Amino acid sequence: MKIPCPHCGERDVSEFRYGGDATRERPAHSTGDLKAWHDYYFTFTNPKGPHTEHWQHVLGCRQWFKLRRNTATNVIEGVVE
Ligand SMILES: [Zn+2]
């Protein structure tokens, strides 16, 4: 699978690290709601189909970006701004 880094261009997936679901909202730092933090860190969905994810170009520019990928087919729609 090839991933289009917005800074370096298209590179092999082995140069990248998956960073998780980019559609989830992190709880505010000031919240003391332990259930909210638990759900954020330990509860995950397993979406099938188009999905927005965080990726890092670990062996390249080391930048984080959001990528739209179909989890069923690995077809990449592109980088999300
Ligand atoms: Zn890069």
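What is the order of the strands in the open sheet of four strands? The order is S3-S4-S5-S6, with antiparallel pairing. The edge strands are S3 (17-21) and S6, each of which pairs on one side only. From one strand to the next, the twist averages 35 degrees.

The model is predicted: local features need pLDDT of at least 70, side-chain atom pairs count only at pLDDT 80 or more, and totals for chains, interfaces and linings use all residues. Residues are numbered from 1 along each chain as its sequence is written.

Strands are DSSP runs (E, at least two residues), numbered from the N terminus. Two strands pair if DSSP finds at least two bridges between them.

| Pair | Bridges | Bridge partners |
|---|---|---|
| S1 (residues 2-5) and S2 (residues 9-12) | four | Cys-5 and Gly-9 |
| S5 (64-70) and S6 (76-80) | four | Leu-67 and Val-79 |

A hairpin of three residues joins S1 to S2. In a regular strand the side chains alternate between the two faces of the sheet. Along S1, Ile-3 and Cys-5 point to one face and are buried (20 or more other C-beta atoms within 10 Å of the residue's own, with C-beta atoms placed from the backbone).

Thr-73 lies in the loop between S5 and S6. Thr-73 counts as exposed (12 or fewer such neighbours) because it has 10 C-beta neighbours inside 10 Å. Thr-73 and Tyr-41 are 32 residues apart in sequence and 26 Å apart in space, C-alpha to C-alpha.

Conventions
Axes fitted to C-alpha atoms, helices over the stretch in contact; angles between N-to-C directions.
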